[in-house]
Amino acid sequence: MIRSLRGRVLWLLLPVVLAGCQGMPWTESGAGSATTAVTPDYLPRDHKLITLVNYAEWLGLQRSDVLISGYRLAKQRVEKTRSPADKLTLAMLLSVPDSGFQNDTGAQSLFEQVLANTPETDRDLRSFVRLQQLTLRQRHALNRSWERRLDQQEQQAVTLRQQLEQLKSIEKGLMERQGD
């Protein structure tokens, strides 16, 4: 339940504009149904706002093998170029919930580095990066909240089991007294 909520939070916080966005690799197959194309380039070609929004949506629709390939490519590019654009791509991949390589702390760090190297005049990109950071912080807070609730329920279950055992003990004692 936590996993499904964690995954949904990221997408609930993205702008409603995602529904009408197009631009990532789509192909037509069969009777005209849209499916994602697996291409050798899993990374966005530029870092304009609409491309980044489309890329975030595209990431949410991919199978784990596609995500892993994209992650490996992005990691190699960051190690090679250390460019803010490549760091942004890697940060977006690291923030995909339940991807197997999800690392919110690493993503936050990369988002900070991108912000530090993005001019103040690039408001769209800065806003997008801040939105991604906010999404990660809110997802983290939601996860903590669910963990606290689960801990409380576990403690409550332990208390109820102890009370049940005490009641059984009392009942057994009363039955023994009645038998005497």
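Biologist: At roughly what angle do the axes of helix H2 and H4 cross, and within what distance do they come?

Modeller: The model is predicted. In it, the axes of H2 (residues 49–61) and H4 cross at roughly 30° and come within 10 Å. This crossing is right-handed.

Biologist: What makes this a contact of H2 with H4, and which residues make it?

Modeller: Contact means heavy atoms within 4.5 Å. On the H2 side the residues are Leu52, Tyr55, Ala56 and Leu59, and on the H4 side Leu88, Thr89, Met92 and Leu93. Their classes are seven nonpolar, one polar and no charged.

Biologist: How are H3 and H4 packed?

Modeller: Helix H3 (residues 64–81) and helix H4 (residues 84–94) pack at an angle of about 145°, with axes 9 Å apart. The crossing is left-handed.

Biologist: Which residues of H3 and H4 meet?

Modeller: From H3, they include Leu67, Gly70, Tyr71 and Lys75, and from H4, Asp86, Lys87 and Leu90. This contact divides into seven nonpolar, three polar and four charged residues. Gly70 is in the contact, and Gly counts as polar by definition.

Biologist: Why are Leu167, Ile170 and Leu174 called a nonpolar patch?

Modeller: Leu and Ile are nonpolar side chains, and a patch needs over 30% relative accessible area for each residue, with such side chains joined within 5 Å. Leu167, Ile170 and Leu174 form such a patch on the surface, with about 300 Å² of accessible area together. Ile170 is found in helix H6 (residues 123–179).

Note on methods
Residues numbered from 1 in each chain as written. Predicted model: local features only at pLDDT ≥ 70, side-chain atom pairs only at ≥ 80, totals over all residues. Heavy atoms only, no water. Patch = residues over 30% accessible without salt bridge, like charges linked within 9 Å, V, L, I, M, F, W, Y side chains within 5 Å. Areas by Shrake-Rupley, 256 points an atom, 1.4 Å probe, with all protein chains shown as cover. Salt bridge = Lys/Arg side-chain N within 4 Å of Asp/Glu carboxyl O. Helix = DSSP H or I, 4+ residues; strand = E, 2+ residues; numbered from the N terminus. Axes fitted to C-alpha atoms, helices over the stretch in contact; angles between N-to-C directions. Left-handed = near helix turned anticlockwise from the far one by under 90°.
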